[in-house]
Amino acid sequence: MNTSAIISSPVQWISSLLSQLTLFFFGCLFLLCLVIVGLVANITVCVVMFRGGRFKKHLSNFMLFHLSITDIAYRLIVVPGQWASIFYPFETKPTMFCKVAKTFLYTFNTAVFTSLVVTAFDRHQSITRPFQRLKHKPKLYRYLLAVWGYSIVCALPQMLNSGNGTHAVNFTLPAKGANSTYAVHFCVSSNTGSSQRIVALIYFVLGFLVPLLMITVAYSKISVFLWRKSRNRMINQAALKSKGKALRMLVLMVLGFVICLGVPQLYELMKSFGFKGQAAIGVLSVILYLSSSVINPVIYGLYSAEFKQGLKQGR
C-alpha cells in the first residue's frame, strides 16, 4: 500500500508494525473516545450546576456552567464539521469550508478564555470586596453578549485569511485487481503572505495573550490579598483556607486551558511565520484540544466541595 508520508520520525516505529491506514483508523477511534468522554464529563457538570439552581448563585458558577455548555457545543458543532471535511468526498478543495470551520474553532477558543476573564474578576470582587458585590446583582445575559461579541470579532478575520486551505493525503488500495485511490482532506494553514501572518498575530494577541494577562492580574491580586489577610490572626483562618482552595481550583483550570488550547494556538502562529511543523505536533494539538474538557471536571471533583455534594445528591 502506497501512502503519503503523514507520520513523522518519532512514531515511525509504530508504522513499521501497523499499516498507516490502520494507524489512521485507530487514531480516529481514539479521538472519538476523547470526544465522547468530554461530552459525558461536561454534561455531568451541567447537570450538577443546574440541580438546585447552583449556576445562578453567583457569576462565577454561571461562567463555569457556560464553559461546559460551550465545550458541548464545540464538540457537537465544530468537531463534526472538521471530521466532515476529512471524510466527505469533496470534488474540489473545500477551502471555504475550512475557513468557516476555523472561524468557528477560534470563536469557541476565545469564548473560553474570555469566560475565564469574567470568572477571574468576579472572584476578585467577591474575595476582596464581598459586600460591594452583594449590592448589585449581575445581569448574566450582558456577560454572555460581551463574551461572544468579543470572540466573534477576534475570530471573524479568519474568513478573509487567504492562508487557510486543505492538504490531501492519498491512499492507494488494491481493489479487485485494480488500484483505487482515496483522498482524505485536512484543513491546514499555509504561510502565503504577510496578510496571513498579521491576521494570525492579531488573533493570538487579542484572543489569547490579552485574556491571559487579565486573568493573571486578577488572580495575582487575589493571592496578595489572601496572603496579607493570612498574617492577621484575628480573621477566620478556615474561611481563608476555603477561599484559597477555590482559588487554586480556578488557577489549575486556567493552566489546563492554557496548555490544551494555548499550545495549539502558538503552533498555528508559528506555522504562519514559516515554521515547518511535524505531523506529530499537529496530532498532539488535536489531542490537546479535545482533552481540555476531560481535565476540568476532574479538577472540579478534587477541589470543589459544592460539586462533590451535587454529585452525591444525584446518586
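Predicted model: local features only at pLDDT ≥ 70, side-chain atom pairs only at ≥ 80, totals over all residues.
Tyr-106 is buried, at 5% relative accessibility, and its ring stacks on that of Tyr-203. The chain runs to 315 residues, 41% of them buried, and its secondary structure comes to 10 helices and 3 strands. Here's a walk through the contacts, starting with the rings.

**Aromatic pairs**

- The ring centres of Tyr-106 and Tyr-203 sit 4.3 Å apart with their planes at 20°, so this pair counts as stacked.
- Tyr-106 belongs to helix H4 and Tyr-203 to helix H7 (residues 194-230), so the pair ties together parts that are 97 residues apart in sequence.
- Tyr-203 is buried too, with a relative accessible area of 3%.
- Phe-204 and Phe-208 make a tilted pair, because their planes are at 45°, with the centres 5.3 Å apart.
- Those two phenylalanines are both in helix H7, 4 residues apart, which puts about one helical turn between them.
- Phe-204 and Phe-208 are both buried.
- There's also a cluster: ring pairs link Phe-50, Phe-55 and Phe-65.

**Salt bridges**

- How many salt bridges does a search of the whole structure find? It turns up 2.
- One of them joins the side chains of Arg-75 and Asp-71, at 2.6 Å from N to O.
- Arg-75 and Asp-71 are both in helix H3 (residues 59-87), 4 residues apart, or about one turn of the helix.
- In an α-helix there are 3.6 residues a turn, so residues three or four places apart point the same way.
- Are the two partners buried or exposed? Arg-75 is buried at 2% relative accessible area, and Asp-71 counts as buried at 10%.
- Glu-268 forms a salt bridge with Lys-102, and their closest N and O atoms are 3.5 Å apart.
- This pair links distant parts of the chain, with Glu-268 in helix H8 and Lys-102 in helix H4 (residues 95-128), 166 residues apart.
- Glu-268 and Lys-102 are both buried.

**Helix H6 and its two sides**

- Helix H6 covers residues 140-155, 16 residues in total.
- From first C-alpha to last, H6 reaches 23 Å, close to the 22 Å expected at 1.5 Å a residue.
- Which residues of H6 are buried? They are Val-147, Ser-151, Cys-154 and Ala-155.
- Looking down the axis of H6, the buried residues fall within an arc of 90°, so they line one face of the helix.
- The other side of H6 has Tyr-141, Arg-142, Leu-145 and Val-153, which are exposed.

- Ile-198, Leu-201, Ile-202, Val-205, Leu-206, Leu-209 and Phe-273 together make a nonpolar surface patch of about 580 Å².
- Where is Phe-273 found? It's in the loop between helix H8 (237-272) and helix H9 (279-303).
- Phe-273 counts as partly exposed, because its relative accessibility is 48%.

**Far apart in sequence**

- Leu-32 and Leu-290 are 258 residues apart in sequence, yet their C-alpha atoms are 9.3 Å apart in space.
- Leu-32 lies in helix H2 (residues 20-50) and is partly exposed, at 35% relative accessibility.
- Lys-308 and Val-48 are 260 residues apart along the chain, with 9.0 Å between their C-alpha atoms.
- Lys-308 has its place in helix H10 (residues 305-313), where it counts as partly exposed at 34% relative accessibility.

**The order of elements**

- What pattern does the chain follow along the sequence? It reads β-α-α-α-α-α-α-β-β-α-α-α-α.

Terms used. Residues numbered from 1 in each chain as written. Heavy atoms only, no water. Expected span 1.5 Å × (residues − 1). Buried < 20%, exposed > 50% of the residue type's maximum accessible area, 1.4 Å probe, protein only. Arc of directions from axis to C-beta. Patch = residues over 30% accessible without salt bridge, like charges linked within 9 Å, V, L, I, M, F, W, Y side chains within 5 Å. Areas by Shrake-Rupley, 256 points an atom, 1.4 Å probe, with all protein chains shown as cover. Salt bridge = Lys/Arg side-chain N within 4 Å of Asp/Glu carboxyl O. Phe/Tyr/Trp six-rings, centres within 6.5 Å; stacked < 30°, edge-to-face > 60°.
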